[in-house]
Amino acid sequence: MDFQLLGLTFVTVFLSELGDKSQVAAIALSGTTKSPRAIFFGTAAALLLASFLGVIIGQGVAEVLPTHLVKIAAAIGFAVLGIRLLWFTQKDSSQTQ
């Protein structure tokens, strides 16, 4: 097993998951129940399943498409999302003034 890759993956996912909407949902659910253990196991299982599906789909795509095409598609996708976010944010803020 590549422990450097394991550590890098852990740190990357851990930092990206801090404060996201799934963590906020877990906080809200745990505040309304007497069984925080069930909330922990439910959220942990959901994150494991989502990560598993991402790895399986990523591996399948990597077998069909060259890596550089996947990176280009991801870069274009993120760029489009960023531009749309900036455009809609600017449009919304100009309407409220």
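**The largest pocket**

In this predicted model, the largest pocket holds about 680 Å³ of space. A pocket here is an open set of points on a 1 Å grid over the protein atoms alone, where a 1.4 Å probe fits, with protein on both sides within 12 Å along at least five of seven lines. Its volume is the space filled by probe spheres set on the points, which are joined across faces, edges and corners. The lining numbers 24 residues, and E17, S22, T43, A44 and L47 are the closest to the pocket centre; a lining residue has an atom within 4 Å of a point.

At least two lining residues come from each of α1 (3-17), α2 (21-31) and α3 (36-64), helices being DSSP runs of H or I with at least four residues, numbered from the N terminus. The largest contribution is that of α3, with ten residues. By type, the lining has 15 nonpolar residues, seven polar and two charged; Ala, Val, Leu, Ile, Met, Phe, Trp, Tyr, Cys and Pro count as nonpolar, Asp, Glu, Lys and Arg as charged, and the others, Gly among them, as polar.

Of these helices, α1 has 15 residues and spans 21 Å from its first C-alpha to its last, close to the expected 21 Å, that is, 1.5 Å times one less than its number of residues. Just after α1, G19 has a positive phi of about 75°. Within helix α1, F10 and F14 are four residues apart and so about one helical turn from each other.

Residues are numbered from 1 along each chain as its sequence is written. Local features need pLDDT of at least 70, side-chain atom pairs count only at pLDDT 80 or more, totals for chains, interfaces and linings use all residues, and side-chain values use heavy atoms, without hydrogens and water.
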